[in-house]
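Here is a friendly tour of a molecule with more than a single thing to look at. Keep the structure open beside you as you read.

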Amino acid sequence: MATTQERTQEVTAAPAGPEKQKHRSLKQDVWRQFKRHKGAIVGLVVLTIIVLATVFGPFVYPHDPFEIDPTNTNQPPSSEHVFGTDNVGRDVLARVLIGGRISLSVGFAAMIFGLFIGTAVGIISGFFKRLDAPLMRTTDLFLALPILPLLLVVIMLFREPLKDALGPELGIFILVVSIIGLTSWMQTARIVRGDVLAIKEEEFVLAAHAVGTKKRNVIMRHILPNTLSPVMVSAALGIAAAILTESALSFLGLGFPADFPTWGRLVQDGRNHLQINPMWVVAPGALISLTVLSVNFIGDGLRDALDPKLRSR
Amino acid sequence: MGTYVLRRTLFAIPTLIIISLIIFAILDLAPGDPTNQLPLTLPDEVKERIREALGVNDPFLVKWLKWMRLMFINEPLNLIDSIFGTCIGDCENRDRIISWSSRAPAVDIIYQRLPQTLWVLGLAFILGTLIAIPVGVISAYKQYSAFDNIGTFVTMIGFSVPTFFTGLICILVFSVWLGWFPSFYDGSYVVDWSSWESIWFQIKQMIMPVAVLTLFNTAALSRFTRASMLDNLNEDYVRTARSKGLRENKVITKHVMRNSMIPVVTLIALSIPGIFAGAIITEQIFRVNGLGALLITAIGQGDVPMVQTLTFIFAFLIVVFNLVADVTYGLLDPRIRYD
């Protein structure tokens, strides 16, 4: 335990403190261990390809994802339309690429939001004894809520008002991101709290208090950087969970409206045309699965790399 | 142990009450109106009187308390009466939670839909548990062997690929291309247990939904079992057991498994309510007319009492199984209950 803190301190506070042996910072150390995890490296490569494809793909690929072409409906995959066309002649690959942008950004934004709440709740309840019990009871309460049914109900209720207020795209985006974030912070909060409880008893925190550091600075400079490793692992798992939840919501027809082709929505639209053009379901479904699989492998690799017991080997 | 169980139970009650308040509050905001489906020719005063009679205009707290009375007193009493054929109190005129769209008591409809959900999801859960534990144990025991690598990879896939995608792929391959199984589950099919053909049809239509869910259930559980086994395999007591000459399978079954199954048993208890949440998606793919499908339809129709009842039942299951998990953990691991 002590070694992690020393090493983390090294990076965050004073870079490259002289060690007995070679100079190796925490970052290099973690990277060295991360590289040993083959699944994690493959996951990183695949995820990078997917992200690059969705970011730059729509500029490169010649077809418009929203252009309807009644003369070219339900085409099988060909060199002209790589994944074929849907029932109104829109190019499936173009829709998958543009849909990836929405799915990935929802996943990323929801993860950031959930992580922010989780870390804040975890740190506050670990650090301030008086707030610990109420905050942890709230966490337990959230864990006992039937999340999926409630998500469905909340979306049904707030979809129309938000759509009217902020426009269909932004309104639904904010709604989906915030409710996924609001219902996925509990695990992070518990893990971070556990870590904070241990860290705040360490000597360097005592020393910080002794020299008169303000509480806010103790938290920001000394406690927060040391909870980094569980937070990073939860971040990876959080993206995976958020992408899965968004696609499930869209699949149930309660996510984005039909004109916004997120991956889950594309699977839902394509399922009734399974016999005619299977690529319509297979392409977005495979991309959801590949993304989540890569992110999970990266999470696994990160967990191993950040575990001092494994790293010292 | 007694005080531990009591403390846990006492904590579950306020949780349940607060959850019911949250669910009720969220749904109370719903734009749904019980008079929506009545003919438009009905004068507004009549509609207003119907609303009045249904108690839509009551203050929030009154509505909540009325609903709580229905949910916690009338419905359980009705359940007891229908099971044992008794009649407690005024059983003829007892108020029930009435679904707005079907005008029947919500609990009765749920009761009709329950078997379909339990058949498919319950079987998948049992199969998943039966597969996951041996896979997890062997994977951990032979860490980094071919079995472990393949097992870890397959569980990672089961864990990452959404069930709606595996389900649709199964339909594509086995129904559309090969034509082996029907692409949807006919919940109204009555199995004739004397005819092999009928039983075979039921098995055929259950294979795909059960297989898809089993893969998903197995994945999470076997990963957890493996991790829990690995935690224990390097403990000192294992070395002691080996060095005093115990046979290897005794060491594993009597010592390691006994300790590592404690968190696994808790996880199993915790994931039972998840069966019903999983139903929501799986039932959409295979068109099973169970509880999940009921919830989706009720949400679509704005049938507030139905959604409230279903969501509350889900919440109730979660709280109860959390309690079961806590108590079993306390029973199995004495360190917990003396905290």
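Two residues are in contact here if their C-beta atoms, placed from the backbone, lie within 7 Å. With that in mind, please remember that what you see is a predicted model.

**The two chains**

Let's begin with the overall picture. Chain A has 14 helices and zero strands, and chain B has twelve helices and zero strands. The pattern of chain B along its sequence is α-α-α-α-α-α-α-α-α-α-α-α. The table sets out some values for each chain.

| Chain | Residues | C-alpha extent along the principal axes | Buried residues |
|---|---|---|---|
| Chain A | 313 residues | about 75 × 45 × 25 Å | 43% |
| Chain B | 339 residues | roughly 85 × 60 × 40 Å | 35% |

**A helix in chain A**

Now find helix α7 of chain A, which covers residues 168–182. This helix has 15 residues and reaches 21 Å from its first C-alpha to its last, close to the 21 Å expected at 1.5 Å a residue. Which residues of α7(A) are buried? They are I172(A), L175(A), V176(A), V177(A), I179(A), I180(A) and G181(A). The partners that these buried residues pack against are α4 (92–127), α6 (147–166) and α11 (228–251), which belong to chain A.

**Two helices that cross in chain A**

One of those partners, α4(A), also meets helix α3 (residues 38–60) of chain A: their axes come within 8 Å and cross at roughly 120°. That angle is why α3(A) counts as oblique to α4(A). The crossing of this pair is left-handed. On the α3(A) side, the contact is made by I50(A), V51(A), A53(A), T54(A), G57(A) and P58(A). From α4(A) come A94(A), L97(A), I98(A), G100(A), R101(A) and L104(A). Sorted by class, the contact of α3(A) with α4(A) has eight nonpolar, three polar and one charged residues.

**A crossing in chain B**

Turn to chain B and look for helix α4 (residues 106–141). The axes of α4(B) and α5(B) come within 8 Å, crossing at roughly 130°, and the two helices are therefore oblique to each other. Is this crossing left-handed or right-handed? The crossing of α4(B) and α5(B) is left-handed. V135(B), I138(B) and S139(B) of α4(B) make the contact with F147(B), D148(B), G151(B) and T152(B) of α5(B). The residues of this contact divide into three nonpolar, three polar and one charged.

**Where the chains meet**

Finally, how many residues of chain B are in contact with chain A? There are 34 of them, and they touch 31 residues of chain A. Several elements of chain B give two or more residues to this side: α1 (2–28), α5 (146–160), α6 (163–177), α9 (248–286), α10 (291–301) and α11 (304–332). Among these, α11(B) gives the most, with eight residues. By class, the side of chain B that touches chain A has 29 nonpolar, five polar and no charged residues.

Notes
Residues are numbered from 1 along each chain as its sequence is written. Chains are lettered from A and ligands numbered from 1 in the order in which they are written. This is a predicted model: local features need pLDDT of at least 70, side-chain atom pairs count only at pLDDT 80 or more; totals for chains, interfaces and linings use all residues. Helices (H or I, at least four residues) and strands (E, at least two) are DSSP runs, numbered from the N terminus. Ala, Val, Leu, Ile, Met, Phe, Trp, Tyr, Cys and Pro count as nonpolar, Asp, Glu, Lys and Arg as charged, and the others, Gly among them, as polar. The expected span of a helix is 1.5 Å times one less than its number of residues. A residue is buried if 20 or more other C-beta atoms lie within 10 Å of its own, exposed if 12 or fewer, and partly exposed in between; C-beta atoms are placed from the backbone. Axes are lines fitted to C-alpha atoms, for helices over the stretch in contact, and angles run from 0 to 180 degrees between N-to-C directions. Angles under 35 degrees count as roughly parallel, over 145 as roughly antiparallel, 65 to 115 as roughly perpendicular and the rest as oblique. A crossing is left-handed if the near helix is turned anticlockwise from the far one by less than a right angle, and right-handed if clockwise.
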